[in-house]
Amino acid sequence: HFLLFFFCGVLLAYLIRQNRLKTVRFPQLKNIQKGLAEKYGTVEAAFLVGKLEARFEDLYSHRPRFREPGLQSHVDQLIIPVLALYQVLMEKLGEKEKALEDVHSLMLQVVTGKSRLIIPLLQKFPKPFSVFRYAVRLVNRTTFPAPGWKIDYIEDSEERISFHIHECLY
C-alpha cells in the first residue's frame, strides 16, 4: 500500500507541476477585498467577496476560448473579473453609475499597487528609460497580440515611446 500511495503522490506532484490541475482563482482578490472593506466595512466586504467569487466562477465556466494565449489571458484575468465585480456591485447598489464608479476606483487601487513595485525597481538601473522602453515593447508584443490589438508606434527613441492602439479586444 505504501508504494501505491507514494506513486499517487508523485503523480499528483507531477500534474500540479505541469499545471494540469490548475485551480481557477479570482485575480487580485485580496486587494479588491481590501478596497471593498475600506468602502463598505469588513463584514459587508466578506459577503461581497463570496458573491464575487461565485459570479466569477460562473462567468469563467462560460467564457470564450481563444487559441491565442494573450487574448485568453485578457479574458481570464481582466474582462471576467471586472465584469463579475461590476455585476455584484450593480446588484448591491442598484445604480449603474455608482457601480461603475466603484469598479473604477477599486481597479485603480489594484493597478497603482502594481506600479508602486515597478518604479523603484526601474530606478536601480543606470538607464531606467531604456529598460522601460524594452519592457513596453515586450509587453505590447506579448500581452496585446496582433489578433486582438493593432498597435502602431509613433515614436520609439531614447527620449520617448509613444504608440496608438487602433483596434482592441475590448
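Modeller: Helices and strands here are DSSP runs, a helix having at least four residues and a strand at least two. The model is predicted.

Biologist: How many helices and strands does the protein chain have, then?

Modeller: Six helices and two strands. From the N terminus, the order is α-α-α-α-α-α-β-β.

Biologist: What share of the residues counts as buried?

Modeller: Of 170 residues, 24% are buried. The accessible surface is about 12,400 Å², and carbon and sulfur atoms hold 60% of that. Now look at contacts with a separation of 6 or more: 49% of them join residues 24 or more positions apart.

Biologist: Which residues of helix 3 are buried?

Modeller: Ala45, Leu48, Val49, Leu52, Phe56, Leu59 and Tyr60. Their arc around the axis is only 110 degrees, so they lie on the same side of helix 3.

Biologist: What covers the buried residues of helix 3?

Modeller: The cover includes helix 2 (29-40) and helix 4 (69-93).

Biologist: Then apply the length test to helix 2. What span should it have?

Modeller: Twelve residues at 1.5 Å a residue should span 16 Å. The end C-alpha atoms of helix 2 are 16 Å apart, in agreement. Its buried residues are Leu29, Ile32, Gly35 and Leu36. They cover an arc of only 125 degrees around the axis, which puts them on the same side of helix 2.

Biologist: Which exposed residues does the face turned away from the buried side of helix 2 carry?

Modeller: Lys30, Lys34 and Glu38. After helix 2 comes Gly41, with a positive phi near 95 degrees.

Biologist: What describes a pair of aromatic rings?

Modeller: Two values: the distance of the centres and the angle of the planes. Rings count as a pair if their centres lie within 6.5 Å. By this rule there are four aromatic pairs. One of them joins Phe56 and Tyr60, with centres 5.6 Å apart and planes at 35 degrees, so the pair is tilted.

Biologist: Where do Phe56 and Tyr60 sit relative to each other in helix 3?

Modeller: They are four residues apart, so about one helical turn separates them. Both Phe56 and Tyr60 are buried.

Biologist: Now a loop residue. Is Lys127 buried or exposed?

Modeller: Exposed, because its relative accessible area is 58%, and the cut-off for exposed is over 50%. Lys127 lies in the loop between helix 5 (96-122) and helix 6 (128-143). Glu158 is 31 residues from Lys127 along the chain, yet their C-alpha atoms are separated by 9.9 Å.

Methods: Residues numbered from 1 in each chain as written. Predicted model: local features only at pLDDT ≥ 70, side-chain atom pairs only at ≥ 80, totals over all residues. Heavy atoms only, no water. Buried < 20%, exposed > 50% of the residue type's maximum accessible area, 1.4 Å probe, protein only. Contact = heavy atoms within 4.5 Å. Areas by Shrake-Rupley, 256 points an atom, 1.4 Å probe, with all protein chains shown as cover. Arc of directions from axis to C-beta. Phe/Tyr/Trp six-rings, centres within 6.5 Å; stacked < 30°, edge-to-face > 60°. Expected span 1.5 Å × (residues − 1).
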